[in-house]
Amino acid sequence: DIIPQPLLDQYLSMTDPARAQTVDTEIAKHCAYSLPGVALTLGRQNWHCLKDTYETLASDVQWKVRRTLAFSIHELAVILGDQLTAADLVPIFNGFLKDLDEVRIGVLKHLYDFLKLLHADKRREYLYQLQEFVVTDNSRNWRFRYELAEQLILILELYNPNDVYDYLRHIALTLCSDKVSEVRWISFKLVVAILQKFYTNNANALGLNFINELVVRFRHCSKWVGRQAFAFICQVGMFSLCVSMCTLN
């Protein structure tokens, strides 16, 4: 009763390979692009009408189709709610995480938006996989690692200090030694955000251990770029402290 059945049938038929050959080679991409809008129109109670189509598009041989879905999976999760997301979207999301970089960047750009919609126990499972984002198909794709650092700054609020120390800390230290200065600079902000996470949650011992690790790794580094990194981390930390004090006053 929401939209005419023939119109819905016409939309669902866009994943037919025969139509890609006779109508438009990018028809599946257009279908993927509009799918969140169709899902919103139908409502989560009618998701069963789109589920098979979505799974077909998620396994399409064209990476552009999968990339389109990867960029919008967080929006679809909001529409479907936590139960349907856990049952139907999480498996697709996990597949995108192992896909080409052109597809992975879609889930990476909205990683925080997707993870915050999951239950804490399901969300915690991804702590083991975040490290995989450091490795890319092309090492020159530094914007991928830059985006990872930006997302981790947001993701910190989703995990407790112990998880941050055990998993995210290692990623931050790796990114601080990146060959590209832009990646290193955003990583310095990530390091300071981690320290703030520890001290605002009264995890002072973790904060002190992390500071000592920064001193050993960067302050006493034999290479000038390491010592420069320590100076920049201190600079970012002092700036953040000044901003916090001004906000309080």
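1. Salt bridges. A search of the whole structure finds eight salt bridges. The model is a predicted one. Side chains of opposite charge can pair when their charged atoms come close.

2. Asp88 and Lys51. These two residues form a salt bridge, and their closest N and O atoms are 3.4 Å apart. Asp88 belongs to helix H5 and Lys51 to helix H4 (residues 51-58), so the bridge links distant parts of the chain, 37 residues apart. Is Asp88 buried or exposed? Asp88 counts as buried, because its relative accessibility is 12% and the cut-off for buried is under 20%. Lys51, with a relative accessible area of 30%, is partly exposed.

3. Asp99 and Arg66. Here the closest N and O atoms of the salt bridge are 2.7 Å apart. Asp99 sits in the loop between H5 and H6, while Arg66 sits in helix H5, so the pair ties together parts that are 33 residues apart in sequence. Asp99 is buried, at a relative accessible area of 18%. Arg66 also counts as buried, at 11% relative accessibility.

4. Lys122 and Glu125. A salt bridge joins the side chains of Lys122 and Glu125, at 3.6 Å from N to O. Lys122 is partly exposed, with a relative accessible area of 26%. Glu125 counts as partly exposed too, at 41% relative accessibility.

5. Helix H6. Residues 101-109 make up helix H6, which is mostly covered, with seven of its nine residues buried. Which residues of H6 are buried? They are Asp101, Val103, Arg104, Ile105, Gly106, Val107 and Leu108. The cover over these buried residues includes helix H5 (63-97), helix H7 (111-115) and helix H9 (142-155).

6. The cavity. The count comes to one cavity of 30 Å³ or more. The largest cavity holds about 30 Å³ of space. Its lining consists of Leu97, Arg104, Gln129, Glu132 and Phe133. By type, the lining of the largest cavity divides into two nonpolar, one polar and two charged residues. Arg104, part of this lining, is also among the buried residues of H6.

7. The second largest pocket. About 150 Å³ of space lies in this pocket. The lining has 11 residues, and Thr15, Pro17, Ala28, Asp60 and Gln62 lie nearest the centre of the pocket. Helix H2 (17-22) and helix H3 (27-42) are the elements that give two or more residues to the lining. Six of the lining residues are nonpolar, three are polar and two are charged.

How values were computed. Residues are numbered from 1 along each chain as its sequence is written. This is a predicted model: local features need pLDDT of at least 70, side-chain atom pairs count only at pLDDT 80 or more; totals for chains, interfaces and linings use all residues. Side-chain values use heavy atoms; hydrogens and water are left out. On a 1 Å grid over the protein atoms alone, a cavity is a set of points where a 1.4 Å probe fits but cannot get out, and a pocket is an open set with protein on both sides within 12 Å along at least five of seven lines; lining residues have an atom within 4 Å of a point. Grid points are joined across faces, edges and corners, and a volume is the space filled by probe spheres set on the points. Helices (H or I, at least four residues) and strands (E, at least two) are DSSP runs, numbered from the N terminus. Ala, Val, Leu, Ile, Met, Phe, Trp, Tyr, Cys and Pro count as nonpolar, Asp, Glu, Lys and Arg as charged, and the others, Gly among them, as polar. Buried means under 20% relative accessible area, exposed over 50%, partly exposed in between (1.4 Å probe, protein chains only). Contact means heavy atoms within 4.5 Å. A salt bridge is a side-chain nitrogen of Lys or Arg within 4 Å of a carboxyl oxygen of Asp or Glu.
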